[in-house]
Amino acid sequence: MSISSRFSVAIHILCLLAINEEKATNTSEYLAGSVNTNPVVIRKVMSMLKGAGLVHVRAGVAGAELAKTLAEITLLDVYKAVNVVAENDLFSSHEHPNPECIVGRNIQQSLTKQFSAAQKAMEHSLEIVTLADVVQDILADNV
C-alpha cells in the first residue's frame, strides 16, 4: 500500500497553476493533459483543494487560480486537503492477532506508538516544504 496518488496529483495541479498563472488555460482538461489523467480526476482533486482554501475555482468559467501564495502553502496543507489518510492512520496493523501469544497480545499497542511517531515525523517534514520550494526545483530542473 502507498499514500494515495491524489497527493502528488494535487501538488502537480498547484505547481502548474502557479507556473501558468498568467494564462487563461487552467481548465480541468488542460491540467489533466499535464497530469496525464482524466479531467474528472482533476475536478475531484480541485474540489478538495478548493474546500481547503488552496484554490479559487470560478463556476462556469474555465480556469482556476491559487488562493494563497506558493510560500504560504506547505506540502502538509496539500496532504491534509486531499484526505490522504486520517489522523494517526497512515500505518495500520493486522487485525485479530492471537491473544494467547505474547507478541499477538501486545503487538498492536507497541506498534501504535511507533507508527504514530513515524507519521508525526513525516508530517513535520511535509510542513517545512512549501510549494515555492517545489516550483523552484521544477524550474531549476527545466534547464
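This is a predicted model: local features need pLDDT of at least 70, side-chain atom pairs count only at pLDDT 80 or more; totals for chains, interfaces and linings use all residues.
The partners are Glu29 and Arg43, whose side chains meet at 3.5 Å, N to O. I checked where they sit: Glu29 belongs to helix H2 (residues 28-35) and Arg43 to helix H3, 14 residues apart, so I noted the pair as a link between distant parts of the chain. Then I looked up accessibility for both. Glu29 has 48% relative accessibility and counts as partly exposed. Arg43, at 41%, is also partly exposed.

Next entry: H1 against H3. How far apart are the axes of helix H1 and helix H3, and at what angle do they pack? I get 10 Å between the axes and an angle of about 80° for H1 (residues 6-19) and H3 (residues 39-51). That makes the two helices roughly perpendicular to each other, since 65 to 115 degrees is the range for that label.

I listed who touches whom. From H1 come Arg6, Val9, Ala10, Ile13, Leu14 and Leu17. From H3 come Ile42, Val45, Met46, Met48 and Leu49. Sorting the residues of this contact by type, I find 10 nonpolar, no polar and one charged.

Then the rings. I searched the whole structure and found two aromatic pairs. The one I wrote down is Phe7 with Tyr79: ring centres 5.5 Å apart, planes at 80°, so edge-to-face. Phe7 is in helix H1 and Tyr79 in helix H4, so this pair ties together parts that are 72 residues apart in sequence. Buried or exposed, I wondered, for Phe7? Phe7 is buried, with a relative accessible area of 13%. Tyr79 is buried too, at 2% relative accessibility.

Last stop was Leu75, which I placed in helix H4 (residues 75-81). Leu75 has a relative accessible area of 12%, and the cut-off for buried is under 20%, so I logged Leu75 as buried. Which residues does Leu75 touch, leaving out those up to four places away in sequence? My list reads Phe7, Ile11, Leu126, Val129, Leu131 and Val134.

Definitions and conventions: Residues are numbered from 1 along each chain as its sequence is written. Side-chain values use heavy atoms; hydrogens and water are left out. Axes are lines fitted to C-alpha atoms, for helices over the stretch in contact, and angles run from 0 to 180 degrees between N-to-C directions. Helices (H or I, at least four residues) and strands (E, at least two) are DSSP runs, numbered from the N terminus. Angles under 35 degrees count as roughly parallel, over 145 as roughly antiparallel, 65 to 115 as roughly perpendicular and the rest as oblique. Contact means heavy atoms within 4.5 Å. Ala, Val, Leu, Ile, Met, Phe, Trp, Tyr, Cys and Pro count as nonpolar, Asp, Glu, Lys and Arg as charged, and the others, Gly among them, as polar. Buried means under 20% relative accessible area, exposed over 50%, partly exposed in between (1.4 Å probe, protein chains only). Rings of Phe, Tyr and Trp (its six-membered ring) pair if their centres lie within 6.5 Å; planes under 30 degrees apart count as stacked, over 60 as edge-to-face and the rest as tilted. A salt bridge is a side-chain nitrogen of Lys or Arg within 4 Å of a carboxyl oxygen of Asp or Glu.
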